[in-house]
Amino acid sequence: MNCFDQTLERRNTGSLKWDFMGQKLGLHQSDLLPMWVSDYDFKAPQVVLDALTQRTEHGVFGYAERDADYYQAIIDWFVTQHDTHIDKEWVTTVHGVLPGLSIALQMLTNIGDQIVMQSPGYGSFRKIIEFNDRVVKENPLTLENGEYSIDFEHLEQCFAQGAKAMIFCNPHNPTGRVWSQQDVLKLAELCERYQVWLLSDEIWCDLTLSGQQHYSALKLPQSLNQRLIVATAASKTFGLSSLRISNFIIPNEELRACFVRRLDAHGMDVFNSLSMVAATVAYQHCAEWLEQLKQYLERNIERLQRFVELELSGTGVKFLPPQAGYLAWLDCRALGLTDSDLEQRFIDSGVVPSMGTAFGKEGSGFVRLNLGCPETTLQRALTCIKHALV
């Protein structure tokens with residue numbers, strides 16, 4: 001059996017996705033199938049589990065620091081996976097992407113400043129902007145012929161009107177769009193022209209699917225990378241989200257020094273030894289595991305695509321297959337339902353999605369589904385969805 005086919009019982013493990021639907025969503029039915037939180041229902045790679053076991057058996061968990069293997073694993077991974085060269089000195093380490101982005105906003109902008117994010121866009125970006133007393137400036141994506149694109153004319157207006165920073169999701173959540181080299185270059189040129197800080201969240205980059213090419217902002221020429229911070233992590237790639245470790249890669253030496261001082265000011269200068277072991281070993285030894293995972297995810301995406309074409313053909317529902325990641329962005333606007341009615345249809349059928357409105361007003365009429373699950377789980381979900389929408 002393929003290791004990704006194994007169905008694991010995640011209830012009663014402290015899983016946000018499986019155990020906290022009541023607390024977070026007010027849903028207390030025990031038989032609901034959660035497809036909302038973006039984490040896997042797969043085991044982490046066995047070589048990572050073995051390394052963690054070996055580390056815990058040692059039994060001493062004093063203060064730990066990143067060693068040479070940790071840095072080299074990251075450097076080698078970017079070269080082999082993304083044809084991107086980074087210097088060891090560029091790498092800073094944070095307890096998660098969102099904490100790091102929040103600290104960057106505090107460091108680079110002032111209360112009341114406008115921060116650009118795209119819409120639809122990851123809802124937690126909005127949260128950290130607003131909770132830090134900054135103002136969200138939305139740059140709505142354009143949807144034409146089943147593909148999202150950046151409205152650069154509107155984006156330039158946002159910058160010209162005084163926005164101080166932009167959080168850029170590359171590849172994009174929730175749509176799964178992989179931005180082209182031309183897109184990233186044009187965006188960076190605008191940031192440089194208007195002196196806007198570019199915070200590029202590239203946590204989905206390792207999950208770029210067949211036929212697509214991720215272009216990291218770390219490939220930008222030096223003339224365009226001096227106002228750049230790139231956030232990455234092994235967590236989405238290898239199913240390590242709760243181990244809470246990410247890397248903020250900053251080419252500009254002065255900017256990097258300021259960021260490290262801000263981390264120190266928050267007491268974020270001590271690192272989790274288990275997190276470092278897991279990330280190091282994953283980057284060193286799990287490239288083949290990742291290829292097998294992406295093939296499995298692509299089959300799940302193809303199953304959903306066939307299902308929409310064959311079983312939902314009369315509903316007008318459209319599926320926009322992701323170019324990266326394992327999140328399905330379903331366009332249900334043709335059903336003519338309110339967002340609350342659409343959500344209730346799914347829940348009544350037994351499936352809990354993320355509603356598109358959580359990603360901004362441009363997400364109205366859409367739902368996001370997590371396909372990072374065994375085929376049997378997906379098949380059960382599709383049966384439920386057919387009852388909900390047909």
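Mentor: First, a word on annotations. UniProt positions are given here in the numbering of this chain, and an annotation may be inferred rather than shown by experiment. Also keep in mind that this is a predicted model.

Trainee: Which residues does UniProt list for a domain?

Mentor: The UniProt entry, which is unreviewed, lists residues 34-383 as "domain: Aminotransferase class I/classII large". Over that range the chain is 42% helix and 17% strand. The end C-alpha atoms of the range are 14 Å apart.

Trainee: How many helices and strands are there in the protein?

Mentor: There are 14 helices and 15 strands. Now take the overall size. The radius of gyration is 21 Å, close to the 21 Å that the globule rule gives for 390 residues, so the protein is as compact as a globular protein of that length. Its C-alpha atoms fill a box of roughly 55 × 55 × 40 Å along the principal axes.

Trainee: What share of the residues counts as buried?

Mentor: The cut-off is under 20% relative accessible area. Of the 390 residues, 56% count as buried. The accessible surface of the protein comes to about 16,900 Å². Carbon and sulfur atoms hold 46% of that surface.

Trainee: What do the contacts say about sequence separation?

Mentor: Look at contacts between residues at least 6 apart in sequence. Of these, 74% join residues at least 24 apart.

Trainee: And the charges? How far apart are their mean positions?

Mentor: The protein has 34 positive and 47 negative charges. Their mean positions are 3 Å apart.

Trainee: Let me try single residues. Is Tyr 296 buried or exposed?

Mentor: Tyr 296 has a relative accessibility of 2%, so it counts as buried. It lies in helix H12, residues 287-311. Tyr 296 touches Asn 2, Phe 4, Asp 5, Phe 42, Cys 373, Pro 374 and Glu 375.

Trainee: Which residues does Leu 155 touch, beyond four places in sequence?

Mentor: Leu 155 touches Val 116, Asn 139, Ile 150, Met 166, Leu 187 and Leu 190. Leu 155 sits in helix H7, residues 152-160. Its relative accessible area is 0%, so Leu 155 is buried.

Trainee: Where is Leu 101 found?

Mentor: Leu 101 is in helix H5, residues 97-108. At 1% relative accessibility, Leu 101 is buried. Its contacts beyond four places in sequence are Phe 125, Ile 128, Ile 167, Leu 199 and Phe 248.

Trainee: What about Leu 382: buried or exposed?

Mentor: Leu 382 is buried, at 4% relative accessibility. Its place is in helix H14, residues 375-389. Leu 382 touches Arg 303, Leu 304 and Phe 307, again not counting residues up to four places away.

Trainee: Now the backbone. What is the general idea for phi and peptide bonds?

Mentor: Most residues other than glycine have a negative phi, and most peptide bonds are trans. Now look for the exceptions here.

Trainee: Which residue does a cis peptide bond join to Asn 170?

Mentor: Pro 171. The omega of that bond is about -5 degrees. Pro 171 lies in the loop between strand E7 (165-169) and helix H8 (181-193). Pro 174 lies in the loop between E7 and H8 too. The peptide bond from Asn 173 to Pro 174 is cis, with omega near 25 degrees.

Trainee: And phi? What value does Asn 12 have?

Mentor: Asn 12 has a positive phi of about 65 degrees although it is not a glycine. It lies in the segment before helix H1 (16-19). At 76% relative accessibility, Asn 12 counts as exposed.

Trainee: Where is Gln 195?

Mentor: Gln 195 is in the loop between H8 and strand E8 (197-201). Its phi is also positive, near 55 degrees. At 42% relative accessibility, Gln 195 counts as partly exposed.

Key: Residues numbered from 1 in each chain as written. Predicted model: local features only at pLDDT ≥ 70, side-chain atom pairs only at ≥ 80, totals over all residues. Heavy atoms only, no water. Helix = DSSP H or I, 4+ residues; strand = E, 2+ residues; numbered from the N terminus. Rg over C-alpha atoms; globule rule 2.2 N^0.38 Å. Buried < 20%, exposed > 50% of the residue type's maximum accessible area, 1.4 Å probe, protein only. Contact = heavy atoms within 4.5 Å. Areas by Shrake-Rupley, 256 points an atom, 1.4 Å probe, with all protein chains shown as cover. Lys, Arg positive; Asp, Glu negative; His and termini not counted. Charge placed at Lys NZ, Arg CZ, Asp CG, Glu CD.
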